[in-house]
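Visitor: I am new to this structure. Please show me how to read it, one feature at a time.

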Amino acid sequence: MYQFNKEEYLKRMEWFTKARFGMFIHWGLYSIPARGEWVRSTEEIPKEDYMKYFEEFDPKDYDPRRWARAAKEAGMQYVVLTAKHHDGFCLFDSKLTEFKSTNTKCGRDLVAEYVEAVRAEGLKVGLYFSLLDWYHEDYPHYQDKNHPMRNHPECSNENRDWNRYLEYMHGQIREICTNYGQLDLLWFDFSYDDMRGEKWGATKLIQMVRSLQPHVIIDNRLEASGEGYGSMATGHPTPYHGDFVTPEQIIPPHGIRDVNGDPLIWEACVTMNNNWGYHAADHYFKPAPMMIKKLVECVSKGGNMILNVGPDAYGNIPEESMKILREIGAWMKKNGESIYHCGYAGIEKPDYGRVTRNGNTIYYHMFENTIGPVPLTGIRMEQVKKIRMLYDGHEVPISHSWVHSDYPDIVFADLGPDPVLPDPVDTVLAVELKE
Ligand code: GLC
């Protein structure tokens, strides 16, 4: 009988809840058609037609050190790469299939080079692995919810052997847990309809994973998807419970708690444009200022944000994405202290922005200025040890102006005469409280 050990769990999660900010990388054959990672399913492309991308795949510019440096310079603390997405193409040298990067023109184990590069930059290493596999003959085709051949009766499931598929899937997960050193994070994707939990052989799978990678943290998609929290939320974690909840393309309105009202660990996964995999026509990129505020929002609600890039067929992160990463990095260099090791402050959100907290220091994030001194809600005058502008450390005095004499219970900070904030995106006040 599985006994959930909360102390062990929280220790395992420590780096993750301190890291707060990661990079997701969706890359594979689908980067050639460049219409998103689901292109084979959305366009119902038969396997034989999809194989032309396998024949062609030769990412001449693939250099994972560039990816890892871009993540590090953006202030990201961990990286998660699609080792295998739903199309079943393996970016690693699996002995269980021919459908892998080492059999393409490039002949390289792309995951091996990736894990080495990310570690070399001092970042935590994550791998995404699809539970679905549209290439494997034993995975349900006809009338499956997502398979490219779901509408093709000629692709009946008559002779498909689900146990043989599970043996393959577990075998590949054993490969990535054995051949690439210590993994910090495994991102399984995703459960749907009755395809969840023990249908995946989840208990046996997790026992194997944890025996090979005792430190690894695992998402909740053996039992959920971007929808649903998983068994951690029920107060009765299963043996394959997700270690964190994975809200997708949304930031939970109020953070995430379990049935007892206790906060759950979560990570919002977000694309920069509207696609995970490279999409040549999708230029709807979210501006860096918006992404900075969304990262602050996640942390203020006690969560992480993993922000996605989709490299092109050659292995290059699109320049639009690199520009956003550079701008986020410039802000993080000056204000990362208000993100890392921070979380929910237990203070009501101020009108002008958000609040994050790390122990005795509260960070008031100002997305806009106030008329007059700045109300630092949620604290009392006698608690305040000092107030500093985070970006340059200069002292910020407490205001004693008459204009707020009607609000004696609120602490106000005096930012001086300039109505324009030093940082137009997010100016952070660090308020240290007395022990
Ligand atoms: C969804 C998408 C999948 C993507 C994942 C990332 O499951 O279908 O393509 O990899 O989200 O969170």
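**Reading the sheet, the rings and the charges**

Guide: Start with strand β1, residues 21-25, which pairs in the parallel sense with strand β7, residues 304-309, over five bridges. Keep in mind that this is a predicted model.

Visitor: What holds paired strands together in general?

Guide: Strands of a sheet pair through backbone hydrogen bonds, and the pairing can be parallel or antiparallel. Here, Ile25 stands opposite Val309 in β7. β1 also pairs with strand β2, residues 78-84, again in the parallel sense, over four bridges. On that side Gly22 stands opposite Tyr78.

Visitor: In what order do the strands of the open sheet run?

Guide: The order is β5-β4-β3-β2-β1-β7-β6, seven strands with parallel pairing.

Visitor: Which strands does helix α6 touch?

Guide: Helix α6, residues 162-179, packs on the sheet and touches β2, β3 and β4. Its direction makes about 170° with that of β3.

Visitor: Is β1 enclosed or open to the outside?

Guide: Count its buried residues. Five of the five are buried, so β1 is largely enclosed by the rest of the structure. Then check each face. Phe21, Met23 and Ile25 are buried on one side, and Gly22 and Phe24 are buried on the other.

Visitor: Now the rings. How many aromatic pairs does the structure hold?

Guide: It holds 27 aromatic pairs. Take Phe24 and Trp187: their ring centres are 4.9 Å apart and their planes are at 55°, so the pair is tilted. Phe24 lies in strand β1 and Trp187 in strand β4, so the pair ties together parts that are 163 residues apart in sequence.

Visitor: Are those two residues buried or exposed?

Guide: Read the relative accessibility. Buried means under 20%. Phe24 is at 1%, so it counts as buried. Trp187 is at 2%, so it counts as buried too. Next, look at Phe190 and Tyr192. Their ring centres are 5.5 Å apart and their planes at 45°, so this pair is tilted. Phe190 and Tyr192 are both buried.

Visitor: Which residues form an aromatic cluster?

Guide: Trp27, Phe54, Phe57, Tyr62, Trp67, Phe89, Phe99 and Tyr135 form one cluster. The charged end of Lys199 sits over the ring of Trp162, 4.8 Å from its centre. Arg257 lies over the face of Tyr344, at 5.9 Å from the ring centre.

Visitor: What about charge against charge?

Guide: Side chains of opposite charge can pair when their charged atoms come close. This structure holds 29 salt bridges. In one of them, Glu43 and Arg35 have their closest N and O atoms 2.6 Å apart. Glu43 is partly exposed, with a relative accessible area of 38%. Arg35 is partly exposed as well, at 36%.

Visitor: Where do Arg221 and Asp189 lie?

Guide: First, their side chains meet in a salt bridge, 2.9 Å from N to O. Arg221 lies in the loop between β5 and β6 and Asp189 in strand β4, so the pair ties together parts that are 32 residues apart in sequence. Both Arg221 and Asp189 are buried.

Key
Residues numbered from 1 in each chain as written. Predicted model: local features only at pLDDT ≥ 70, side-chain atom pairs only at ≥ 80, totals over all residues. Heavy atoms only, no water. Buried < 20%, exposed > 50% of the residue type's maximum accessible area, 1.4 Å probe, protein only. Helix = DSSP H or I, 4+ residues; strand = E, 2+ residues; numbered from the N terminus. Pairing = 2+ DSSP bridges. Phe/Tyr/Trp six-rings, centres within 6.5 Å; stacked < 30°, edge-to-face > 60°. Lys NZ or Arg CZ within 6 Å of the ring centre and 35° of its normal. Contact = heavy atoms within 4.5 Å. Axes fitted to C-alpha atoms, helices over the stretch in contact; angles between N-to-C directions. Salt bridge = Lys/Arg side-chain N within 4 Å of Asp/Glu carboxyl O.
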